[in-house]
Amino acid sequence: MTIKLASLSADLPKEREGDWIPVKEWPGLNPEKPFEMTPLPGLSFLVRSTNYPDYVTARQAALEKLKQDYPDDKVPADVQARMEGQLSVEHLLLGWKGLDVEYSPDLVGTILVAEEHRVMRQMIFWCAGRVGKKKVEFVQAATKN
């Protein structure tokens with residue numbers, strides 16, 4: 001089989017403007033069955049890609065600052081959460097559906113920087129990692145008679 005080159009390219013407008021990415025299920029949400037996938041019907045996030053240029057630049061700057069502040073690489077969990085949350089608020093998350101609270105930038109700014117909301121941050125980064133990706137396509141070879 002031969003792969004269509006165009007199907008391996010990124011959709012740059014989606015990466016930069018955002019896209020709705022559903023989170024159909026997530027592992028570890030049932031403490032009694034930690035390896036079981038829990039269905040999350042209706043949950044989706046409007047996110048930009050982790051390849052969004054402003055995010056990439058801001059993340060690099062934040063990592064450099066953490067290296068200066070913590071030269072031993074022992075960044076406290078709350079500091080790491082604040083950094084990741086702030087980056088996602090400023091650059092990645094644009095909206096959500098399927099949660100019991102309406103999306104608002106002010107609310108997101110308090111939720112995503114809180115250490116205890118790591119699952120929410122993980123979901124957002126998971127979705128942001130999928131924005132702009134296409135399904136691989138193959139060229140159908142002509143059949144010989």
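A salt bridge is taken here as a side-chain nitrogen of Lys or Arg within 4 Å of a carboxyl oxygen of Asp or Glu, and by this rule the count comes to seven salt bridges. The model is predicted, so that local features need pLDDT of at least 70 and side-chain atom pairs count only at pLDDT 80 or more, while totals for chains, interfaces and linings use all residues. Residues are numbered from 1 along each chain as its sequence is written, and side-chain values use heavy atoms, with hydrogens and water left out.

**View 1. The salt bridge of Glu-137 with Lys-4.** The closest N and O atoms of Glu-137 and Lys-4 are 3.5 Å apart. This pair links distant parts of the chain, 133 residues apart, with Glu-137 in the loop between helix 5 (118-128) and strand 7 (138-139) and Lys-4 in the loop between strand 1 (2-3) and helix 1 (12-17); helices (H or I, at least four residues) and strands (E, at least two) are DSSP runs, numbered from the N terminus. Glu-137 is partly exposed at 41% relative accessibility, and Lys-4 is partly exposed at 36%, where buried means under 20% relative accessible area, exposed over 50% and partly exposed in between (1.4 Å probe, protein chains only).

**View 2. The salt bridge of Glu-84 with Arg-121.** The N to O distance between these side chains is 3.9 Å. Glu-84 lies in helix 3 and Arg-121 in helix 5, 37 residues apart. Glu-84 is partly exposed, with a relative accessible area of 26%, whereas Arg-121 counts as buried at 4%.

**View 3. The salt bridge of Asp-19 with Lys-14.** The side chains meet at 3.7 Å, N to O, with Asp-19 partly exposed at 22% relative accessibility and Lys-14 partly exposed at 36%.
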